[in-house]
Amino acid sequence: ELGDKGIMFMGMGVSGGEEGARNGPSLMPGGPREAYTLVEPILTKIAAQVDDEPCVTYIGELGAGNYVKMVHNGIEYGDMQLIAE
């Protein structure tokens with residue numbers, strides 16, 4: 001229904017914690033490619049910069065960015081468990 005009115009929805013994994021809040025996060029957007037194209041200039045400006053490249057790229061269809069963030073968290077929590085052991 002909203003698509004008929006030109007309204008698109010995106011989901012986005014965001015990583016970076018307090019440092020990302022200050023210096024720019026890593027962004028993992030998912031949703032319609034057309035929606036990403038519209039917001040890409042904004043996301044590129046607010047994202048962290050690594051080797052003069054923004055830490056953002058189109059991940060895939062709706063849910064893809066959140067899935068990548070979930071995998072990222074699983075790896076991070078596994079690392080923390082290993083350190084704790």
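Q: Is D51 buried or exposed?
A: D51 counts as exposed, because its relative accessibility is 72%. Here exposed means over 50% relative accessible area, buried means under 20%, and partly exposed is in between, with a 1.4 Å probe and protein chains only.

Q: What kind of model is this?
A: This is a predicted model, in which local features need pLDDT of at least 70, side-chain atom pairs count only at pLDDT 80 or more, and totals for chains, interfaces and linings use all residues. Residues are numbered from 1 along each chain as its sequence is written, and side-chain values use heavy atoms, with hydrogens and water left out.

Q: Back to D51, where is it found?
A: D51 is in the loop between β3 (49–50) and β4. Strands are DSSP runs of E with at least two residues, helices are runs of H or I with at least four, and both are numbered from the N terminus.

Q: What about its phi?
A: D51 is not a glycine, yet its phi is positive, about 55 degrees. D52, also not a glycine, has a positive phi of about 60 degrees. Most residues other than glycine have a negative phi.

Q: And is D52 buried or exposed?
A: D52 is exposed, at 73% relative accessible area.

Q: New topic. Why is strand β2 described as largely enclosed?
A: Because 4 of the 5 residues of β2 (residues 26–30) are buried, the rest of the structure largely encloses this strand.

Q: How does β1 run against β2?
A: Strand β1 (residues 11–15) is antiparallel to β2, and 5 bridges join them. Two strands pair if DSSP finds at least two bridges between them. S15 stands opposite S26 in β2.

Q: Which residues make up the largest nonpolar core?
A: L27, Y36, L43, A47, V56 and Y58, 6 residues. Such a core is a set of buried Ala, Val, Leu, Ile, Met, Phe, Trp, Tyr and Cys residues joined through side-chain atoms within 4.5 Å.

Q: Where does Y58 lie?
A: Y58 is in the loop between β4 (53–54) and α3 (64–84). Y58 counts as buried because its relative accessibility is 18%.

Q: What is Y58 in contact with, leaving aside neighbours within four places in sequence?
A: P29, G31, P32, R33 and Y36, where contact means heavy atoms within 4.5 Å. Y58 and P29 are 29 residues apart in sequence, but 5.7 Å apart in space, C-alpha to C-alpha.

Q: Last one: which residues of α2 are buried?
A: A35, Y36 and L43 are buried in α2. β1 and β2 are among what covers the buried residues of α2.
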